[in-house]
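Hello,

Here is the structure I promised to hand over. Please open it first; my notes on it follow.

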Amino acid sequence: MKRVILDCDPGHDDAIALFLAAGNPEIEVAAITTVGGNQSLDKVTRNALGLATLAGLDCPVAAGASRPLVAEPQTAGEIHGESGLDGVVLPSPAMSLDPRHGAQVIVDTIMSAEPGEITLVPTGPLTNIALALRLEPAIAERVAEVSLMGGGAREGNWSPVAEFNIVVDPEAADAVFSAPWPLTMVGLDATHQALLTGEVIDRIRALDTDISRFVVDLFDFFIKTNLTEQGFPDPPLHDPVALARVIDPSVTSCKRTPIHVELTGTHTRGMTVTELRPWIEEPASTSVALGLDADRLWDLIVDAIDRLGTR
Ligand code: BDR
Ligand code: CA
């Protein structure tokens with residue numbers, strides 16, 4: 001059993017990552033923390049509470065940073081809608097919000113667990129993780145690993161060279177990539193291979209449970225916005241990939257490389273710079289995911305949704 005903290009900004013693909021965590025028998029959700037990103041902090045926190053309720057989770061849910069460390073806030077309403085999770089109606093939360101700041105919950109959860117017990121899975125801007133490192137730098141030696149969705153070695157989506165989660169808070173990303181913990185950047189190189197096809201949706205629809213119908217409604221909205229905004233006929237479902245490789249490392253193929261976040265470039269702020277030249281070997285505690293076993297990913301997701309629906 002692996003215990004994970006989901007630090008997220010739900011978000012359609014964050015929602016599927018949460019369902020994957022809740023439904024997979026190898027994963028226990030230790031805490032959910034939210035960060036302003038896809039929508040304002042209030043909205044994504046409401047979404048997280050509703051999703052946790054739907055998934056039957058019983059763990060702390062805490063709101064974290066409402067804005068980036070330095071940059072002006074940006075949201076992604078054009079992809080995720082006005083609520084951050086358009087296309088579905090969420091249940092009223094069954095739990096109340098943990099009164100602590102999300103960054104404090106991250107610190108408390110990691111420091112009260114055994115060394116190597118907690119895995120951090122951030123799927124939004126990295127503000128809470130950077131704040132948690134500032135509050136308690138020792139978390140870097142205590143987590144099993146950090147597996148985050150963000151960045152890309154060769155691709156961008158919010159600019160020609162930068163991905164949304166990183167470009168929203170590049171200073172936070174810089175702190176997180178520089179900390180001495182094992183970290184895998186599951187960025188666009190891998191997640192642009194996680195394409196949500198009609199065949200996958202048919203498999204989920206065929207489960208015919210409350211959760212599967214909710215997921216299909218989420219996808220209906222997400223497919224439309226990804227097509228009109230980014231031209232994807234089958235949208236990439238980014239965030240679950242970062243968790244799927246924690247469940248089964250063979251889901252992604254990775255290369256060890258230093259990762260630097262561009263903070264000052266005129267046209268490249270938020271770019272994640274990796275070293276992929278095969279003849280250069282630099283020591284690093286960071287890796288980048290480059291390849292994806294999409295069949296294995298979808299099997300894990302369909303199985304988790306199936307298990308949730310029959311509870
Ligand atoms: C990332 O940005 C957000 O819109 C998604 O939820 C995902 O975490 C993809 O660039
Ligand atoms: Ca996200």
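Thr119 touches Arg3, Val4, Ile5, Ala144, Glu145 and Val246, leaving aside residues up to four places away in sequence. Bear in mind that this is a predicted model. Thr119 sits in strand S4, which covers residues 118–122. Its relative accessibility is 3%, so with a cut-off of under 20% it counts as buried.

One of those contacts, Val246, belongs to helix H12. That helix spans residues 240–247 and is mostly covered: eight of its eight residues are buried. They are Pro240, Val241, Ala242, Leu243, Ala244, Arg245, Val246 and Ile247. Note that Arg245 is on that buried list.

Now the sheet. Eight strands make up an open sheet with mixed pairing. The order is S3-S2-S1-S4-S5-S6-S10-S7. Its edges are strand S3 (61–63) and strand S7 (252–256), each of which pairs on one side only. On average, neighbouring strands of the sheet are turned by 25° against each other, direction ignored.

Within this order, S1 lies between S2 and S4. Strand S1 (residues 2–8) and strand S2 (residues 27–34) run parallel and are joined by seven bridges. Lys2 stands opposite Ile27 in S2. Helix H1 (residues 12–23) lies across S1 and S2. It runs at about 150° to S2.

Next, the cysteines. How many disulfides does a search of the whole structure find? The search finds zero. Cys59 is in no disulfide; the nearest cysteine sulfur belongs to Cys8 and is 9.7 Å away. Cys59 is buried, at 10% relative accessibility. Cys254 is partly exposed, with a relative accessible area of 39%.

On to charges. The structure holds 14 salt bridges.

- Arg100 and Asp108 form a salt bridge, with the closest N and O atoms 2.9 Å apart. Arg100 is partly exposed, at a relative accessible area of 32%. Asp108 is partly exposed too, at 27%.
- Arg205 and Asp202 form a salt bridge, with the closest N and O atoms 3.1 Å apart. Both residues belong to helix H10 (residues 198–207). Why are they about one helical turn apart? Because they are three residues apart in that helix. In general, an α-helix has 3.6 residues a turn, so residues three or four places apart point the same way. Arg205 is partly exposed, with a relative accessible area of 45%. Asp202 is partly exposed, at 45% relative accessibility.
- Glu275 and Arg277 meet through their side chains in a salt bridge, 2.6 Å from N to O. Is Glu275 buried or exposed? At 12% relative accessibility, Glu275 counts as buried. Arg277 counts as partly exposed, at 42% relative accessibility.

There is also a network: salt bridges that share partners join Arg3, Glu28 and Glu117. Arg3 is one of the residues that Thr119 touches.

If you look at one place first, start with Thr119. This residue is buried, lies in strand S4 and has contacts that include Arg3 and Val246. From there, follow Val246 into H12 and Arg3 into the salt-bridge network.

Best wishes

Notes. Residues numbered from 1 in each chain as written. Chains lettered and ligands numbered in written order. Predicted model: local features only at pLDDT ≥ 70, side-chain atom pairs only at ≥ 80, totals over all residues. Heavy atoms only, no water. Helix = DSSP H or I, 4+ residues; strand = E, 2+ residues; numbered from the N terminus. Buried < 20%, exposed > 50% of the residue type's maximum accessible area, 1.4 Å probe, protein only. Contact = heavy atoms within 4.5 Å. Disulfide = S-S within 2.5 Å. Pairing = 2+ DSSP bridges. Axes fitted to C-alpha atoms, helices over the stretch in contact; angles between N-to-C directions. Salt bridge = Lys/Arg side-chain N within 4 Å of Asp/Glu carboxyl O.
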